[in-house]
Amino acid sequence: MQHAEQLVAGARTVASATSPSPLLDVRDLTVTFPGAAGPVQIVRGLNYSIARGETLGIVGESGCGKTMTSLALLGLVSGGGKVDGTIDFNGSNLVSFSQRQWQQLRGRDIAMIFQEPMTAMNPVMPVGRQIGEVLIKHQKLSRRQAEKRAVELLASVGIPSPARRAQDYPHQLSGGMRQRAMIAMALACRPRLLIADEPTTALDVTIQAQILDLMLTLQDEAKMSIQFISHNLAVVSEVAHSIMVMYAGKAVEYAPSDDLFANPLHPYTQGLIATLPDPDKQVKRLYVIPGRVTSGITVGCRFASRCPRADEGCRRTEPEFVEVAPGHHVACHKVGS
Amino acid sequence: MLRYTVSRLLQAVLVILVMSLLLFMLIGLMPGDPVENMLEGNPSLTPDTMAQMRALYGLDQPVYVRYGHWLYSALHGDLGYSSVYFRPVLEVLGPAIVQTAKLLVATEIISIPLAMLLGALAARRPGGWTDSLISLFAFASISLPGFWTSLILIIVFSVKLGWLPASGTPLMGDASLSEQIVHMILPVTVLTFFHVGPLVRYVRASMIETLNSDFVRTARAKGLSESAVIIRHALRNALIPMVTVLALGFGSLFSGALVVETIFGMLGMGKIIYDAVSNIDFNLALVGLLLATIVTLLSSLLADLAYAWLDPRIVLK
Ligand SMILES: Nc1ncnc2c1ncn2[C@@H]1O[C@H](COP(=O)(O)OP(=O)(O)OP(=O)(O)O)[C@@H](O)[C@H]1O
Ligand code: SF4
Ligand SMILES: [Mg+2]
């Protein structure tokens, strides 16, 4: 795990472990959808928190529920999905919010950069107006003031000739530009919590780095918290103070970044770290965790079918999510006691 | 945009020329002889006089010569004489065009916003009671025949209540505007009811799809109210596919207008073309059908322009 140590050196450390109360504290978050064979829990019993000014990374493969978790924080779970548990944000429980309260909160206190920069913007409205809209709603700016501010925001995320770009429609911008515009839109009201859902996945590597830099700079300026989602552990390691690894709707490991890389405990996390390309070797060693997510299993450990260490006990009883070291939580029978 | 429009109009002129030739030949193939028709029942009719008549009207000439003559006069403003109405074709068609245009325009002006409103309301909660009610209305509109609704409305509002006239046009030629409008109420209501049902269903389907799209989720994530999301973001996007539906639905609207015009005794385009074809009124049928072609061409041009206006991704070239 020499490579992991290099990552530890680069990982951000949790600055204030003794901070009074976190900005976001999620308890037992569960999202249930009606399914053909009874209700399906897409997200199951999540517990995590994010301190002010810090970044939580959420990692897991496609379909594990990362986006759904984020939508729950904005009250945007649609299609008959039901959210249970508590979402304590800045002292109030969002789960009991009314439609009006949600509308006050969205875009102002919590904003989200969506996964798909190509489709996440209205194709028939100029970019500047789409950004200005959120300012008109929450900061009561006039339309002209909002347009002016939108141009400033576009400039602040590094878009050249922002005044002209503000008049453009989304299809006239490149993928990178569009993602920057999305960031400008999300940051318009200086939210306390920014949810970034795979903000760089659709972009090429150089632009990826620029966008990450930009987000971190803006985070430092505004003391904003970030929930950063990716299926790429390498990207997350560059930005997150702590990391939650998800598998099939559940958290399997949750720890401060440096802990997680120095001492990955869950077999799935270990597999993810092993799949990271090693920068020291000329030939990239791409290890892939064999198998795929099995859905619908409700007894035993959900990872059992792919786990090299699985045994009968794993298939029979589901492991508890326990704190095995300060701040380091794991759900695996073979870890801890 | 201007260049595009001009080139499309030039193309349209070409299409109209070709269509006029085709129609000229097709109408010529219709069974029945115009001269026989005209002189029907005339006891002094001999094969000789008939041949004379044919020569007089140029009917003994080959079709391309006749077409050439027709085109020459048509381009000089002479579209010939109607053998059914005994008046110049333009004089017959003029008022009919105005009549039908009034009916169609009034119907579209009411139908489109109404369909948008009902479709959007229904899409807000698919399966809810508003949706069920609106679907029922759309279903009734699609399945009840136009002549049936016309008769029911006439019985209720003209015969029983006596509130509205049963005819679509005032008897006097110089009726006041308000009188003309009062006469239009029932025909426009029937045609709107006939026309709006399919539109509502399309708007609803298109709206439901749009409301599930990513950018609508983005709009909600900004904290916009649901009505702002629908009006500012969803509606315009949902309307883009509606343009085709409207352009294609124009034909069905026109045939609906024929039924309505017949029942309410209005002398519109539908009635004129019907009379012309069934009585082999060559000149009138030709120009009437050509006009229908022109309207179709214009509506497809209009649809393309509307596309470009609604969707900035479309560049007309
Ligand atoms: N409306 C719905 N009804 C039922 N299941 C749904 C619905 N929407 C999403 N899901 C399921 O929820 C699961 C989690 O989806 P989610 O989008 O949160 O995954 P993700 O972790 O963000 O994946 P990705 O990395 O591909 O974005 C998926 O398996 C998906 O099939
Ligand atoms: S509980 Fe068993 S199957 Fe699950 S991850 Fe741990 S060892 Fe593997
Ligand atoms: Mg996702």
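Q: How do the residues of the shell around ligand 1 divide into nonpolar, polar and charged?
A: In this predicted model, the shell, meaning residues with a heavy atom within 4 Å, divides into four nonpolar, five polar and two charged residues, where Ala, Val, Leu, Ile, Met, Phe, Trp, Tyr, Cys and Pro count as nonpolar, Asp, Glu, Lys and Arg as charged, and the others, Gly among them, as polar. Local features need pLDDT of at least 70, side-chain atom pairs count only at pLDDT 80 or more, and totals for chains, interfaces and linings use all residues. Side-chain values use heavy atoms, without hydrogens and water, residues are numbered from 1 along each chain as its sequence is written, and chains are lettered from A and ligands numbered from 1 in the order in which they are written.

Q: And which helix gives the largest share of that shell?
A: Helix 2 of chain A (residues 66-73) does, with three residues; helices here are DSSP runs of H or I with at least four residues, numbered from the N terminus.

Q: What lies 2.6 Å from an oxygen atom of ligand 1?
A: That is an N or O atom in the side chain of Thr67(A), a polar contact in the sense of a pair of N or O atoms within 3.5 Å. A backbone N or O atom of Lys66(A) lies 2.9 Å from an oxygen atom of the ligand, and a polar side-chain atom of Gln115(A) lies 2.7 Å from an oxygen atom of ligand 1.

Q: Switching to chain B, which classes of residue make up the contact of helix 5 with helix 8?
A: Helix 5 of chain B meets helix 8 of chain B through 22 nonpolar, seven polar and three charged residues.

Conventions: Polar contact = N/O pair within 3.5 Å; in protein donor to acceptor, adjacent residues only side chain to side chain. Helix = DSSP H or I, 4+ residues; strand = E, 2+ residues; numbered from the N terminus.
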